[in-house]
Amino acid sequence: MRFSKLADRLPAKRNRLYREYEKASSSGRPIRDLISANLAEQGWVFPQERLQSILADAAGRTRIYRPDPLGLRSAREAIAEFYRPAGIPASAEQVLITPGTSLSYFYCFKLLANPGEEILCPRPSYPLFESIAELAGLQLRYYRLRESRGWEIDLDHLESQISTRTRALVLISPHNPTGMVAGSQPLHDLAAIACRHDLPVLADEVFSEFLYGGEALPRPAATPAPLVFTLNGFSKMAGLPGLKLGWILLSGRQARVRRSLEVMELISDTFLPVNDLAQHMVRGILESREAFAFGLRPWLLRCRQIAGDRLSQCPDVRFALPRGGFYLTLKVGGAEVDEEALCIELLRQSGVLAHPGYFYDMAPAHLVLTFALQHELLDRSLKALCDGIREWKKRQDS
Ligand SMILES: Cc1ncc(COP(=O)(O)O)c(C=O)c1O
């Protein structure tokens, strides 16, 4: 029997850090997980009574199955309404419902690029695109985020990376794991680049509801970019990753939007992958999303403050306070830092799980962690992390 070349390329084994993590957890030792950012585990769940009533209502509507490959019209209408207060005049005709943002990316990649062609993504990034690009048979190319300037987009570098094989620009804002939020001016500059090279923009806004700067989220869909795919869903916004409901809002020049939707409708029709019950829940969840985010936002703001205070006392690290999302990135000072060895040491000695930056395609000597943790636990965990880094550095220097 033979497997495909793709099967051979996909990584078969868990990496060293997670093998170590499994060992530590099976020994019964408590590990403070500074990675998973599972809000439900922190006590933040979508209001349960409301969810039950939305579910019961949806169940009553699912008796007759009449699938629409773009998604139920009533759900698409509710999603379009979500964008209108942000000044984006969306209509149900511009929305495609998907089983989550990861699959939204896959649809976009399949629509826009042929095997061997390129998608331009930010570096660093949440490790998602590589496998999706691999499955779609595409190549990734990267543009820089500038750490010294709060991880802002290096637009000159971005433009210099565009080649004749580039088929789309990916923007993630709020960005995971740096917490960068792209401002209006950089987005307009990005849109100008997209116009000059006639490229579509894929705007990942899954952290759109979690901003700490007080301003509204600047959105590529509000710029003159020729074609924009705005990706979002309920995994973060409503704390319901298991519902598997996401969407793509298409905007820009009409003929391109129309053609894109024709193709995406066919892609979606091949699988009809979105659960009917979940689609009937869309309006209710969107209407109640504020009830979920209401207490969560100040809680996250406090988490961010605790992280900022604690990490500022740690002379061995530098960081930019995140402007959105649940994650932050640390730069560990010193000449040669083997970040994977450091993470393993932190796990063994301090009982703290953080990620090495290379998981996110970062330059050496970076760590990634979440600050969405119960306040006291967060403070203790960060203290343990800082102490662990100090001890590790002492040993390195001696
Ligand atoms: C930036 C970003 N985009 C997309 C996703 C995946 O979203 P979904 O759960 O809707 O597939 C994640 C998951 O954490 C993410 O961090």
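Predicted model: local features only at pLDDT ≥ 70, side-chain atom pairs only at ≥ 80, totals over all residues.
**Stop one: the largest pocket**

Start by selecting Tyr 126, Phe 207, Ser 235, Lys 236 and Pro 241; of the 33 residues that line the largest pocket, these are the closest to its centre. The space you are looking into comes to about 720 Å³.

Now switch to colouring by residue class: the lining of the largest pocket divides into 20 nonpolar, ten polar and three charged residues.

**Stop two: the second largest pocket**

Move on to the second largest pocket, with a volume of about 600 Å³. To centre your view, pick Pro 11, Pro 127, Glu 130, Ser 131 and Phe 359, the closest to the pocket's centre of the 25 residues that line it.

Then highlight β3 (118–123), α6 (129–136) and β4 (139–146), the elements that give two or more residues to the lining of the second largest pocket. Which element gives the most to this lining? Zoom in on α6, with four residues.

Bring back the class colours, and the lining of the second largest pocket shows 14 nonpolar, four polar and seven charged residues. Finally, display both domains again: the lining of the second largest pocket draws at least three residues from each of domain 1 (5–46 + 290–397) and domain 2 (64–288).

Note on methods:
Residues numbered from 1 in each chain as written. Heavy atoms only, no water. 1 Å grid on protein atoms, 1.4 Å probe; cavity = no way out; pocket = protein on both sides within 12 Å on 5 of 7 lines; lining within 4 Å. Points joined across faces, edges and corners; volume = space filled by probe spheres on them. Nonpolar A, V, L, I, M, F, W, Y, C, P; charged D, E, K, R; others polar. Domains from an automatic or database assignment.
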